[in-house]
Amino acid sequence: MNVRHVFLAGGIATTLVAACGKDSGPSDQGQMAKQAGDGQTAAVATTLAPYQVLVTDADGAPKAGVTVSWRVVLGGGGIDPASVVTGADGLASTVATLGTVAGTQSVRASASGYGGSPVSFLSTGTAGPVATLVKVGGDNQRAVGGTALPSLTMVEAQDQFANPVAGVTVNWAVAAGSGAVSSASTVTGADGRTAVTWTLGAGTGGMSLTASATGVPSVTFTATAAATFSIQGGGNNVPERYTSDLWVADGFAYTGSWGIRSAQGNAVKIWQLSASGAPVLHDSIITPNTGTISDIQVSDDGKWLVFTSESGTAAGLHVYELTAPGQPVFRAAATGVNLHTGTLASIGGKLYAFTAKDPGSCALRIYDLSAAASGTIALASATPIPDNYCIHDTFVRDGYAFVFAWNSGLYIFDVGNGSHAGSPTVPVQISQTAGFGGETHNGWWYWSPTGEKKYLFIGEEGPGAIGSSSSGDIHVVDVSDFTHPVEVASYNMPGAGTHNFWVDEQNEVLYAAYYNGGVVALDISGTLSGNLASREVARLKPGGNGNTYVWGVMLYGGSLYASDMVSGLWQLGLP
Amino acid sequence: MLWRLTGLTLCLGVTRSLEGQQRIDLRLSAQAIPSITAVDPIPGRGSLTEARVVQPLVMLHAGVLGGHLRFLGTLDLEGETMPHGELTPGAWGEGFNDRRHPHTYAHELLLSGVDLLGRHDGSAIVSLTAGKGFVPFGSDDPMSRPTLHYPVNHHLAQILERAVVQAGVRVGPVALEGGIFNGDEPERPGQWPRVTGRFGDSWSARLTVMPVAGVELSASRAKVHSPEHRPGAGTDAWKWHLSGRVDRPLAGGRLYALAEWARTEEAEGFFAFRSVLAEGAWSVGGHRPYYRFERSDRPEDLRELDLFRSVRPHLENSILGTTRFTLHTLGYGYGFELARSRLELRPFVEGTLGRAKNIGGGVLTPQVLYGTTRVRSVAAGVRLMWQMAGHRMGRYGDLLALPAGAESAHHHH
C-alpha cells in the first residue's frame with residue numbers, strides 16, 4: 001500500500017466514524033429505542049402486532065411531540081401509519097403487514113436528531129397454507145413399458161402466493177396404466193418439493209399419474225410407454241470378424257464380414273435358423289484375396305446367393321447357386337473391380353445384379369446373371385456416376401433403379417420398366433436430385449398396402465467413427481413425380497446415424513439399422529411430413545452400449561434379424 | 001494476373017540495382033540416406049526389418065538479379081527407392097499407414113521474387129513465390145530436421161506438395177505469409193496437383209516473430225478443402241499450428257530445438273486430431289545427439305489387404321477410430337566432412353519407444369491392428385549430403401534471413 005492509499009483509507013475511516021457517531025451516539029435531544037413488536041413470525045400477508053418505539057429526552061424522560069417516520073426497507077408489505085408523533089408517554093407505534101414473499105421483513109423507524117435513530121424491526125414471513133400443487137419435473141416422459149422413467153416425477157406445494165410450502169403430504173396414484181411409484185405418499189421438503197420414481201406399467205401407450213394433497217386440486221403427469229424389441233436369439237457370435245450385411249431366406253441367414261479384426265473380412269457366414277428362429281452357425285464361405293464382403297442377397301426364387309466384395313484381387317461380384325437352402329455352390333465371379341454394394345432384381349425374366357463401383361471410376365454396373373449356372377457373368381452396362389464421393393447403394397423395383405450417389409444425391413433410372421424405354425443394357429436416366437442431407441447412401445421405395453407408391457426413404461450416412469459413433473438421418477422423399485423428387489419429412493436419432501433399411505409394407509413399419517443407436521422402428525402409415533420423432537415405435541441396442549453398431553436389418557419369419565458389426569447376428573422380437 | 005503483378009513488381013523493385021548483377025548463382029545439392037529399420041509391431045502383428053534408401057534428393061538453387069529472383073527445384077526419388085513407403089511407427093497419409101509415404105518426384109518446384117520492392121519499402125522485405133511445394137503453414141518439413149523417421153504429426157504440422165502462390169512480408173522481426181493452393185493431397189509419386197478446378201480452393205497463413213537471433217515463434221492457420229478426395233467432394237480440414245524454434249550457438253556447438261502444437265478438425269469438427277511435439281539436437285564437433293517427443297493423433301482408415309495401405313479415396317466420411325501415439329525417439333549421429341566440406345557423411349543410429357492407444361472408440365484399435373499397445377523401432381544408416389546445409393523445406397522468399405552481420409544457419413544465396 002502506498003502513501004496515497006494510506007491517506008485515502010484514513011479519510012474514509014474518519015468519515016465513517018463521524019457519520020456513525022452522529023446517528024447512533026448520544027444526542028443532546030435524547031434517544032429513541034425499540035419498545036415492542038420486534039422479531040415476530042407469521043404467515044405472509046399477515047398483519048402483525050404493532051411495532052413501537054420509545055423516545056426520551058436527554059434526561060431519559062419520555063418525550064412527547066417527536067415525529068417518528070416508519071418505512072419498509074426489506075421484504076415488501078406495508079406499514080400504517082407511516083408517520084407517528086409520540087404521545088406523552090414518549091411512545092410511537094405503527095402496524096406492519098408482511099409482504100407476500102416468504103422471508104424477512106425489515107421496517108425502519110427514524111426520528112431526526114435522536115440518538116439510536118434509526119432502529120430496525122425484523123419479522124419473518126412464512127409460507128401460508130398450501131393452495132396448489134405445481135408440476136416441476138418429469139412430465140411427458142417416454143420409456144419402454146415396464147421400465148422406470150429416466151427422470152423423477154416431482155411436484156412443488158405452494159401457497160396462494162407461490163411460496164413453497166414444506167411439510168405437505170403428497171399422495172401419488174397411477175391413474176392410467178398399471179405402473180407403480182417408489183412411494184405412495186411423500187412429504188415436501190424445505191423447498192416445497194417432493195418426488196417419486198415412476199415405473200410405467202407393461203404395455204404401450206399413454207399412462208398417467210396423479211399427485212394430490214389435502215384441500216388442493218390434484219395434478220396429473222403423463223408419460224408414454226413405448227414398445228420395444230426383445231432379444232430372442234443370437235448375438236456376440238462373430239468375435240473374430242466385424243459383421244457387415246445380412247440376408248435371410250429359406251431358414252438360413254447369411255452375413256458378410258468387413259475390414260480386419262483378428263481375422264480378415266473375407267467370410268460369408270451361413271446360419272441355420274432353429275425352430276424358434278435363432279441363428280446357429282452352419283457353415284462359412286471364405287473368399288481369399290479380398291478384404292470385405294460388403295453386400296449380400298439371395299434371389300427371390302431362393303436359387304442364388306450373390307455377394308459383392310472390396311479390396312484385393314478377388315474384389316467384385318461372386319455368384320453361388322443354392323442347390324439346397326444353406327448349401328451354396330460357387331458358379332461364377334466377376335473380379336478385379338471394387339464393388340461396394342449389389343442388388344438383385346429380375347427384369348424381363350432375367351436375373352441381374354445392380355452393383356455400385358466405388359471408389360474410382362464410379363459407375364452403376366449391371367451384370368446379367370442369367371448364364372451364371374454355366375459360369376458366365378456378363379456385364380450388361382456400366383453407367384458412370386460422377387466421382388462426387390461416388391455411388392453407394394441401389395434399390396431396384398418395377399424396372400426402376402434408384403441409385404444413391406452421396407453428394408450427387410439420388411438418380412432414378414428406367415432399367416426395364418419401359419416408361420422411358422430403358423433396359424439393363426441401356427439404362428435411361430429419369431432424374432438426378434442432390435440434397436437429402438448430402439451424403440445419400442441407401443434407400444427403399446415404399447409401396448403401401450393401399451397401393452400408394454409415393455415415398456422413397458433415403459438413408460444419409462454422415463461422419464462417424466465406425467464402432468462407436470455415427471450421424472445421418474432418414475429422409476422421406478415424395479417421388480410421386482420421378483422427375484422432381486421432393487423431401488417431405490425426416491427422422492433424426494440424436495447421437496447416431498442410420499444405415500440400411502427394411503420395410504414391413506403390409507404393416508407400414510420401417511425398420512432401420514442405426515449403427516451405435518441400434519435398431520429403430522418407425523410408423524410410416526398415412527401422410528408423412530415434418531419431423532417423424534413422434535412416429536418412433538421402438539428402438540433397441542442389441543449388444544448394449546459400447547457393443548452395438550448395427551449395419552443392416554431384415555424381417556423374416558416374424559422376427560427382425562440385425563447384423564451388428566461388433567456383436568454379430570441377432571434375432572429380435574418385434575415390438 | 002498474379003504472375004503479371006509479380007513481374008511488374010520485380011521490374012519496379014530491382015531495375016535500379018541490375019547493373020553488375022547479371023551473374024547467375026547456381027548451387028546443386030543432393031542427399032540420400034541408406035538405412036535399415038526394424039519396427040515392432042507392424043499391422044497384422046509381428047515385426048519387420050527393411051533396408052531402404054530414403055530421402056534421395058537432388059536440389060537446384062538458382063538465383064539471378066542479385067538474388068532477387070530465385071528458383072528452387074527438388075527432385076525426390078522416393079518413388080523409385082521406396083515406392084511402398086518407409087517403415088515408420090505411427091506414420092500415415094496419402095494412403096499409407098505405419099509406413100511413411102513416398103513423396104512426389106517434383107517435391108519442390110518454385111520461383112521466388114525476393115525483396116521485390118527493394119529500397120522502395122525501406123527495410124521491409126516483400127516476397128512472392130509460386131510453384132509446387134509447401135504452403136505457408138506449420139513447421140519445417142521433417143526431412144530438414146534431425147531425426148530419420150518422420151513424426152506422426154507430419155500431416156498435422158505441414159501442408160506439402162501443392163500448387164501454391166504465396167506472398168510474404170517481413171517488417172523488422174515480424175514476418176507474415178499467406179498463400180492459396182489446391183487442397184488435394186497427391187495419391188502417387190508421379191501425380192501433379194490438380195490445378196484445374198482445385199487451385200485456390202484452400203488457403204493458409206503464417207505469422208512468424210523473431211524476437212532475437214536464432215529464435216522464432218510462429219502461428220499458422222489453414223483451411224484445406226477435401227484433402228483426401230481429389231475430385232473435391234470430401235470433407236474440409238481446418239488446421240491450427242503454434243511453434244517455437246531455436247537454432248543458435250551454444251557451449252561451443254549449436255543448439256536446435258522445436259516445440260509445436262497442432263490441431264486439425266475435419267467434417268465440421270466431428271473429428272479432431274491433436275499433436276504436441278518437442279525435439280532438440282546439439283551439434284558439437286562432429287557429434288550430434290538428438291531427441292524427439294511427440295503425442296499425436298492418427299485417424300484410422302479402412303485398410304486394404306495390404307494392411308500398410310488404406311482405401312483411397314475414402315468410401316464414406318467415416319474413420320475406423322483414432323490412435324494416439326506417444327513416442328520418444330533418441331538418436332546419435334557423427335559427421336565427417338569431405339571434399340572441402342561439401343560432402344558430409346553422417347552415420348547415425350536412432351531408436352523409438354512408446355505407446356499407441358485408441359481414443360474415442362472405433363473398431364481399429366492398436367490391439368486389433370498390432371496385438372499390443374507397445375511401439376518399438378530401431379534404425380541405423382548414413383546421411384550422405386552434398387552441399388545440403390541450410391535448406392529449410394517450407395520456408396520461401398528469404399523472409400527469415402537475418403540482417404547482415406547476424407549469424408544465420410539457414411541464410412543462403
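Two strands are said to pair if DSSP finds at least two bridges between them, and strands themselves are DSSP runs (E, at least two residues) numbered from the N terminus. The structure to which these terms are applied here is a predicted model, in which local features need pLDDT of at least 70, side-chain atom pairs count only at pLDDT 80 or more, and totals for chains, interfaces and linings use all residues. Residues are numbered from 1 along each chain as its sequence is written, and chains are lettered from A, with ligands numbered from 1, in the order in which they are written.

In chain A, strand β44 (residues 519–523) pairs with β46 in the antiparallel sense over 4 bridges. Within this pairing, A:Val519 lies opposite A:Leu540 of β46(A). Both strands belong to an open, antiparallel sheet of 4 strands in chain A, ordered β42-β43-β44-β46. Its edges are β42 (501–504) and β46 (536–540) of chain A, each of which pairs on one side only. On average, neighbouring strands of this sheet are turned by 15 degrees against each other, direction ignored; the strand axes are lines fitted to C-alpha atoms, and angles run from 0 to 180 degrees between N-to-C directions.

Strand β4 (residues 67–74) of chain A pairs with β8 (residues 103–110) of chain A in the antiparallel sense over 5 bridges, and A:Val72 stands opposite A:Val107 in β8(A). Strand β8(A) also pairs with β9 (residues 119–126) of chain A, again antiparallel, over 7 bridges. There, A:Gly103 has A:Gly125 of β9(A) as its bridge partner.

Strand pairing also links the two chains. Strand β39 (residues 464–465) of chain A and strand β16 (residues 318–319) of chain B run parallel and are joined by 2 bridges; A:Gly464 has B:Ser318 as its bridge partner. The contact between the chains takes 27 residues from chain A and 27 residues from chain B, where two residues are in contact if their C-beta atoms, placed from the backbone, lie within 7 Å. The chain A side comprises 9 nonpolar, 13 polar and 5 charged residues. Here Ala, Val, Leu, Ile, Met, Phe, Trp, Tyr, Cys and Pro count as nonpolar, Asp, Glu, Lys and Arg as charged, and the others, Gly among them, as polar.

In chain B, B:Glu266 is located in strand β13 (residues 253–266). B:Glu266 is buried because 22 other C-beta atoms lie within 10 Å, the cut-off for buried being 20 or more. Neighbours within four places in sequence aside, B:Glu266 is in contact with B:Thr235, B:Ala237 and B:Phe271.

Conventions. Buried ≥ 20, exposed ≤ 12 C-beta atoms within 10 Å, placed from the backbone.
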